[in-house]
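Trainee: I have a structure to read. Please walk me through it.

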Amino acid sequence: MANLVISSIFNHGPLRANAPQSLKYVTIPLLFVSWVAPAFKMTLQERMMNGLGKKIYLETFGCQMNVLDSELIEGQLRSLGFDFTTDCDDADVVLYNTCSVRELAENKVLSRLGRLKIRKQTDKGLVIGVIGCMAERDGLRMLKRMEHIDLLCGPSELDKLPSLLNNVLLTGRQQAALAGDTARRSSTLAAAETDGLELLDLSRSFSPEKSRYQAYVRLVRGCNKFCTYCVVPYTRGPEVSRAPDAIISEARKLVEAGALEITLLGQTVNHYAYEESAVSAPGGPVKKVTSFADLLVRLHDALPQLPRLRFLTSYPADFGQDILDAMAACPRICRYLHIPAQSGSNRILKLMNRGYTVESYLKLLEDARETLPGVAFAGDFIVGFPTETDADYEQTRQLLRDARYKNAFIFKYSPRPGTVAIRRFADDVPDTIKRHRNKDLLMLQNEISQELNRSLIGSTVEVLCEGPSGWRGSESVVAGAAVIAQGEQPVELGSRLAAAIRGQWESSGVTWKAPSGVQLTGRTTADQIVVFSGSPRLEGQMVRVQVQAAHGMTIFGSLSPAQSNFNEGIDGPIKSELVAAVVR
């Protein structure tokens, strides 16, 4: 059989000169090349017959963008005949969708790869792939260092993953698809309309039960901010906004498939801006720009059946009053803003290249509270950034007190290869101090979160029921004191926790009643966890819950009388439009 040698067809040009010899060229039988003579022409799906019946284990690390990428990858590979398993030991193919933002996430991946190296010594057919930001950042150096890895695929090349996997299965040779430096030269706004990644987004499948009736939709790929500590602009490439019509079309399909809540994603989602083609005007050609505020209103109005629309993550320096006004005008947009601050010290913010001050950040929160009464905030913080003093850290503690976040994600600084910070600043804050500040700030935030949750006692909140509590793992366990059982078993509360909750219920004028029946869990529009008793039929429904207690990050309550009476006569799932009538 004739052979054809192909030079790096997956990498926008030749692979780098220092690539391993096995990567510079891929030699495959002519039969499997899709652009040869018609007699031999085959579709990708036909060529992927080699993968039929093979099981894939896919593990995801990092942010919501990675979660979305993994959902798209799974849907794509399932359509080509692959099965998926939750047991790594049972898999023929192991894929790690990786994150490079923090050292801990990378260390977890490296540890797993070390164990797979041992397994591959006896399981020669095992295919190991590293995809996502870690693959892009380390590049071909990873394949040199770890020869047992079979494929690498960067986040901006994920549409090529099926072809990479097919070639590994056919040839046994290492494969790679990395954007490298070409991403900064070739990515444009127009590219988002026709590239393979856009087709990957639009061809997704959605299972409402598996996804807890919540779906992600990507608005913006990449990032242009270049914060000194962050690798994202280098691993995900430049900022590219998707076309509004494509976004609305994808969201509409998700709603038709059963999604009750859609979260719009972007590294800096509020920086979304899509420039349409120029149109004729009396004064000459004019380009129409769809802003993030414009898109929010269009989505809200185009999807009247969608109960909830939310977005993250927002960048403080680009968050205008027009976005707040759009949220105020659209009642089904959640009153919830995830706006990372990173530090409460202006000096540290400048070293981080964040582009705003503590004063302007607090003004944004003030404007949001004035425009959107009851709005809840989440924040991100890095402690122990180079040169951070006790005074800098105390300013961060003060910002937490002033902002009063619903919750905050707090991390120790870790120098990331390839960033400006690792080149420019010595990592001079001892790890013991980093750990102390991290723990101290978490404790302060937990106090604030508990105060905010307890302030809700006696009120009624709208909850998207996700199913029996315990489905969300540790997030459903309250301070380690509640044992959440699966299925139709009740929640068993530790004695100290039960006593504390009993006291809160009684102080709110409600007679204490021990939890019984099925314990369900869900989230409010402000993303707060709520545990309550109810029928399993409520899964995937919007319900109203009276808040009767709160402990740590979790709220406890019971269905409001109107909701309980309404559900008693319903057989089977309740339609969202009927629930909306009760909510109103």
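Trainee: Is phenylalanine 226 buried, exposed or partly exposed?

Mentor: Begin with the ground rules. This is a predicted model, where local features need pLDDT of at least 70, side-chain atom pairs count only at pLDDT 80 or more, and totals for chains, interfaces and linings use all residues. Residues are numbered from 1 along each chain as its sequence is written, and side-chain values use heavy atoms, with hydrogens and water left out.

Mentor: Now the term. Buried means under 20% relative accessible area, exposed means over 50%, and partly exposed lies in between (1.4 Å probe, protein chains only). Phenylalanine 226 has 26% relative accessibility, so it counts as partly exposed. Tyrosine 234, at 39%, is partly exposed too.

Trainee: How many aromatic pairs are there?

Mentor: A pair of aromatic rings is described by the distance of the centres and the angle of the planes. Rings of Phe, Tyr and Trp (its six-membered ring) pair if their centres lie within 6.5 Å; planes under 30 degrees apart are stacked, over 60 edge-to-face, and the rest tilted. By this rule there are nine aromatic pairs. In one of them, the ring centres of phenylalanine 226 and tyrosine 234 are 5.5 Å apart and the planes meet at 75°, so the pair is edge-to-face.

Mentor: Phenylalanine 381 and tyrosine 405 also pair edge-to-face, with 5.7 Å between centres and 75° between planes. Phenylalanine 381 is in strand 17 (residues 376–383), while tyrosine 405 is in the loop between helix 17 (390–403) and strand 18 (407–412), so the pair ties together parts 24 residues apart in sequence. Helices (H or I, at least four residues) and strands (E, at least two) are DSSP runs, numbered from the N terminus.

Trainee: What is the relative accessibility of tyrosine 405?

Mentor: Tyrosine 405 has 0%, so it counts as buried. Phenylalanine 381 is also buried, at 0%.

Trainee: Which residues do ring pairs link into a cluster?

Mentor: Tyr229, Phe385, Tyr413 and Phe425.

Trainee: What is the strand order in the open sheet of three strands?

Mentor: Strands of a sheet pair through backbone hydrogen bonds, either parallel or antiparallel. Two strands pair if DSSP finds at least two bridges between them. Here the order is 9-12-15, with parallel pairing. Strand 9 (214–218) and strand 15 (308–312) are at the edges with a single partner strand each, so one side of each has no neighbour in the sheet.

Trainee: How many bridges join strand 12 and strand 15?

Mentor: Five, in the parallel sense; strand 12 covers residues 261–265. Glutamate 261 stands opposite arginine 308 in strand 15.
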